[in-house]
Amino acid sequence: MTTATELLSFPFSWDGTRVPDEVGELRATSPVRRVRTIAGDEAWLVSSYRLCHQVLRDDRFSLKDTSAPGVPRQYTLTIPPEVVNNMGNITGAGLRRAVLKALNPKAPGLMEWLRAEAHRLVDLLVEDGPTADLRGAFCEPYSAGMHCHILGIPQTEAPAFLRSLDIAFMNSACPITGARINWDRDIARMTALLDDPATHGLMGELAALRDGPEHDRPNDEMLATVGVTMFGAGTISTSGFLTMALVYLLTHPTARDLLRDRPDLIGPGVEELLRVNLSIADALPRLALEDIRLGDTDIREGDLVLVLVEGANLDPEKFPDPHRFDVHRDNTAEHLSFGGGAHYCPATALGRAHARIALEVLLDRLPDLALAVPAAQLVWRTGFMKRIPERLPVSW
Ligand code: HEM
């Protein structure tokens with residue numbers, strides 16, 4: 001039991017197979033609760049659906065300002081502070097349309113590419129024989145490959161950009177030397193790709209803008225930043241969600257059997273997996289720009305507010321019997337796994353299609369897919385923005 005005066009440390013647990021005990025207890029007793037962050041600062045942790053939704057919809061809770069000097073932090077930044085406002089910068093530079101177009105799953109050939117790639121990776125798994133690490137041998141290459149495809153850069157670039165993510169998405173109390181080294185290397189690499197005549201896709205389109213009128217010509221660093229951040233945010237989110245959706249299915253065989261036997265339910269199944277999955281390991285941070293009343297709590301200007309997505313997604317007031325996997329809920333899509341309000345994920349349709357196709361292919365080709373080790377043996381990454389098992393050993 002916790003008491004209302006004790007300062008809890010957040011995050012609670014990196015284990016992605018069970019919701020931390022603190023979540024339900026806090027939601028029921030103090031849905032806006034003072035906590036100690038990884039950085040050692042104090043923040044308000046918000047754990048009910050209604051209040052999480054309210055924070056995300058209210059622009060007085062700012063994402064951009066969480067990177068301001070001297071403000072309380074959830075963790076030390078691993079990217080240049082101005083990049084926290086990535087989508088705002090993209091919009092300001094006139095690149096929003098090009099980026100949204102690239103993230104549209106209806107782009108010609110993208111669905112076919114994803115399906116063919118999923119089959120290619122399953123062929124390799126089958127050729128090698130069980131067991132396999134499904135995260136390293138499927139989720140990561142499938143996700144990184146999709147991003148190379150969208151960016152229009154060679155697939156051979158995927159491993160190097162992918163490697164950086166292990167550090168870029170760390171939650172740390174102190175600065176990480178490797179983050180800056182990787183960032184500079186990746187920006188240089190992406191800048192070189194802008195000049196490569198073989199580059200097409202989003203990066204090709206961005207490179208072509210450099211031929212436009214001088215006054216609105218974006219600079220190379222801005223364009224390379226778009227490429228590096230889209231690869232990073234997109235790959236970690238899609239690969240992380242797919243891995244955790246698979247962890248859920250493999251630890252809930254009734255749900256796995258349902259989606260395997262009824263592939264027509266994989267679409268709504270992905271939505272319900274988005275709701276119940278625990279892939280976000282920390283919380284969505286916002287800085288209060290003025291004094292604001294949130295539920296029964298007075299938030300002060302300059303306070304850090306943390307939106308606990310799993311708190312909202314498993315709130316029984318919003319989703320009755322929240323731990324039941326139910327593909328027929330009429331409000332599943334109202335989960336907050338893509339955020340909400342001004343910073344709502346711009347790639348929701350792509351994220352859903354990416355997971356749907358992967359599950360269709362995996363459950364069809366490997367119908368007996370199962371964990372090859374007891375779930376308790378999974379090793380959970382610590383100090384990371386996503387909950388992921390270091391390896392996901394499976395048999396089939
Ligand atoms: C299943 C896959 C995905 C999930 C679960 C996911 C989740 C999220 C969440 C929770 C946010 C809100 C962050 C906040 O409010 O602080 C967000 C924003 C964002 N996501 Fe995604 N995402 C996914 C796929 C992608 C992909 C594929 C891309 C790009 C290639 C992407 C790019 C972004 C960007 C740029 C933002 C920031 C938007 C803004 O600040 O306006 N995401 N995503």
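**Starting at a strand**

Author: L45 sits in strand β3 (residues 42-46). Helices (H or I, at least four residues) and strands (E, at least two) are DSSP runs, numbered from the N terminus. This is a predicted model, in which local features need pLDDT of at least 70 and side-chain atom pairs count only at pLDDT 80 or more, while totals for chains, interfaces and linings use all residues. Residues are numbered from 1 along each chain as its sequence is written.

Reader: Is L45 buried or exposed?

Author: L45 is buried, because 26 other C-beta atoms lie within 10 Å. A residue counts as buried if 20 or more other C-beta atoms lie within 10 Å of its own, exposed if 12 or fewer, and partly exposed in between, with C-beta atoms placed from the backbone.

Reader: Which residues does L45 touch?

Author: Leaving out residues up to four places away in sequence, L45 touches F10, L26, R33, V35, A283, L306 and L308. Contact here means that the C-beta atoms of two residues, placed from the backbone, lie within 7 Å. L45 and G311 are 266 residues apart in sequence, and their C-alpha atoms are 9.8 Å apart in space.

Reader: OK, the ligand next. Which residues come nearest?

Author: There are 20 residues around the ligand, and M87, G234, G339, C345 and G351 come nearest. A residue is near a molecule or strand if its C-beta atom, placed from the backbone, lies within 6 Å of it.

Reader: Which helices supply at least two residues of that shell?

Author: α3 (86-92), α10 (220-251) and α14 (348-365) each do. The largest share, six residues, comes from α10.

Reader: And what is the shell like by class?

Author: The shell around the ligand has 12 nonpolar, eight polar and no charged residues. Ala, Val, Leu, Ile, Met, Phe, Trp, Tyr, Cys and Pro count as nonpolar, Asp, Glu, Lys and Arg as charged, and the others, Gly among them, as polar.

Reader: Back to α10. At what angle do α7 and α10 cross?

Author: The axes of α7 and α10 cross at roughly 75° and come within 10 Å. Axes are lines fitted to C-alpha atoms, for helices over the stretch in contact, and angles run from 0 to 180 degrees between N-to-C directions. α7 and α10 are therefore roughly perpendicular to each other. Angles under 35 degrees count as roughly parallel, over 145 as roughly antiparallel, 65 to 115 as roughly perpendicular and the rest as oblique.

Reader: Which residues meet there?

Author: From α7 they are F161, L162, L165 and A168, and from α10 they are F231, G232, T235 and I236. By class, that contact has six nonpolar, two polar and no charged residues.

Reader: What about α10 and α11?

Author: α10 packs with helix α11 (residues 253-261) at an angle of about 105°, their axes 5 Å apart. So α10 and α11 are roughly perpendicular to each other. Y248, L249 and L250 of α10 make the contact with A255, R256 and L259 of α11. Five of these residues are nonpolar, none is polar and one is charged.

Reader: How do α6 and α7 cross?

Author: Helix α6 (residues 134-151) and helix α7 (residues 158-168) have axes that come within 10 Å and cross at roughly 115°. The contact is made by E140, P141, A144, G145 and C148 of α6 and A158, F161 and L162 of α7. Six of the residues in that contact are nonpolar, one is polar and one is charged.

Reader: New topic: where are the cis peptide bonds that you know of?

Author: One runs from F10 to P11, with omega near 0°. P11 lies in the loop between β1 (8-9) and α1 (21-29). Another joins P130 and T131, with omega about 0°. T131 is in the loop between α5 (110-128) and β5 (132-133).

Reader: Why point those out?

Author: Because most peptide bonds are trans, and most residues other than glycine have a negative phi.

Reader: Which residue has a positive phi although it is not a glycine?

Author: D321 has one, about 50°. D321 is in the loop between α13 (309-313) and α14. D321 is exposed, because it has 8 other C-beta atoms within 10 Å.
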